[in-house]
Amino acid sequence: MPTTDYDAIVLGAGAAGLMCAAVAGQRGKRVLLLDHAEEVGKKILISGGGRCNFTNIHTVPDRYISANPHFAKSALARYAPADFITLVDRYGIAHHEKTLGQLFCDGSAKQIVAMLLEECAKGGVDVRCGQPVRDVAHADGAFRVTFGDQRFMALNLVIATGGPSIPKMGATGFAYDLARHFGLKVVEPRPALVPLTLGGDDVLFRDLSGVATAVQARAGKAAFREAALFTHRGLSGPAILQISSYWRHGDPVTIDFLPDAAPGWLVEAKRARPRATLASALALPDRLAQTLADRLALPGELGAQTDRKLADAEARLRHWTFHPNGTEGFAKAEVTVGGISTANLSSQTMMAKSVPGLYAIGEAVDVTGWLGGYNFQWAWASGYAAGQAL
Ligand SMILES: Cc1cc2nc3c(=O)[nH]c(=O)nc-3n(C[C@H](O)[C@H](O)[C@H](O)COP(=O)(O)OP(=O)(O)OC[C@H]3O[C@@H](n4cnc5c(N)ncnc54)[C@H](O)[C@@H]3O)c2cc1C
């Protein structure tokens, strides 16, 4: 089998791989970008409901989860949201801020993929899709990749095959297998930005499927103030998805159902409207208010309750504790927490410290962003760092 030579082979034509290949190609490197899917950037295409939340203008390193919270700093500083926005603007892609610094295309995520492919073309990147990566070998300082029935060789290999979230879309744990093969450690991968499931005593809340409300959700030290949504399996919505990235099996999740209410509001409500019931006093969707009131077991009018009981009820509404029995798993997880250990990589270049020429970028690495464009920003930034170093 003849072998074709490149300076770098990038495995995975997702967000990070496309960026890395384009940057290295435009620096004059001969780059081959390989993907087993039929088309590149499939997760970009479905992201943000088809409009791609491509960055977050509030990107800072503490919005990323990693065993080493300092690792992402260097790459994020060298390729900022403003750099990606400049690129998007250069292509005339209209965009808007939806909420909390999240930037979306006005049109379609297809524009982002087309832009990245055009950037690759400008760098002369050879993009090939739709074949399995059959083998990756390393000998005499060179990497040999068998892709379908073709063999390629390069002095540099970039692992950019992402994490195992949403296997239906072709996501795999290939990056971890490859990393382990080269002696790199993998921090236990867990589904993140994923709905939580309820069982036991909490199962009653599943009847509220479809009800959403603004809450503050907490798991351990992490707290997010956004909407929560009850589902037929448990809890979802942005506040819960955010919390899920920090949640561990066995941990409780605490919800403040009335984060805007002033302390003592329920006793105040009794003074102002003694004939009201607890359910009618709760500024929440009706079905949720009724379920919570039933659980608090304070029947009748507020005027008939002692201040003490109302203060206790208020405290429970501020710290309502759920005991999720799991998550909806990788099938429904937007991202993966964990991945290739940052301890094995240079934070400047993303190169493996023990294997010269081997790089890992994007979601494959143990760096996971919050919901809201942070994950793509990491993909662009880590891809750029490696693309500059190749
Ligand atoms: C439904 C959904 C919506 C999302 N929305 C957003 C959003 O709006 N904003 C945001 O910031 N993040 C979002 N994300 C997260 C974001 O998509 C990922 O963090 C990002 O795509 C990671 O980029 P990556 O290049 O590392 O991996 P990917 O983009 O996953 O790319 C990996 C590539 O590797 C290929 N591959 C995998 N295994 C192999 C193999 N064995 N051989 C060859 N190729 C392989 C895949 O086909 C894929 O093309 C969303 C994720 C999902 C699932």
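Colleague: How do the residues of the shell around the ligand divide into nonpolar, polar and charged?

Modeller: The shell holds 13 nonpolar, 13 polar and four charged residues. Here Ala, Val, Leu, Ile, Met, Phe, Trp, Tyr, Cys and Pro count as nonpolar, Asp, Glu, Lys and Arg as charged, and the others, Gly among them, as polar. This is a predicted model, in which local features need pLDDT of at least 70 and side-chain atom pairs count only at pLDDT 80 or more, while totals for chains, interfaces and linings use all residues. Residues are numbered from 1 along each chain as its sequence is written, and side-chain values use heavy atoms, with hydrogens and water left out.

Colleague: Which residues come nearest to the ligand?

Modeller: A residue is near if one of its heavy atoms lies within 4 Å of the molecule. Of the 30 residues around the ligand, the nearest are Ala16, Asp35, Thr172, Glu363 and Phe376.

Colleague: Which backbone atom lies 2.8 Å from an oxygen atom of the ligand?

Modeller: A backbone N or O atom of phenylalanine 376 does; a polar contact is a pair of N or O atoms within 3.5 Å. For asparagine 375, a backbone N or O atom is 3.4 Å from a ligand oxygen. Histidine 36 places a polar backbone atom 3.3 Å from a nitrogen atom of the ligand. The protein buries 92% of the 1000 Å² that the ligand exposes when taken alone (Shrake-Rupley method, 1.4 Å probe). Helix α12 gives the largest share of the shell, four residues.

Colleague: In what order do the strands of the three-stranded open sheet stand?

Modeller: Strands of a sheet pair through backbone hydrogen bonds, either parallel or antiparallel. The order is β3-β6-β5, with antiparallel pairing. Two strands pair if DSSP finds at least two bridges between them; strands (E, at least two residues) and helices (H or I, at least four) are DSSP runs numbered from the N terminus. β3 (53-56) and β5 (95-97) are the edges, each with a single partner strand, so one side of each lacks a neighbour in the sheet. Three bridges pair β3 with β6 (residues 102-105), and asparagine 53 has phenylalanine 104 of β6 as its bridge partner.

Colleague: What is the order of the seven-stranded open sheet?

Modeller: This sheet runs β17-β16-β13-β14-β15-β12-β18, with antiparallel pairing. Its edge strands, β17 (320-322) and β18 (326-327), each pair on one side only. Two bridges join β12 (residues 196-197) to β18; leucine 196 has threonine 327 as its bridge partner in β18.

Technical notes:
Polar contact = N/O pair within 3.5 Å; in protein donor to acceptor, adjacent residues only side chain to side chain.
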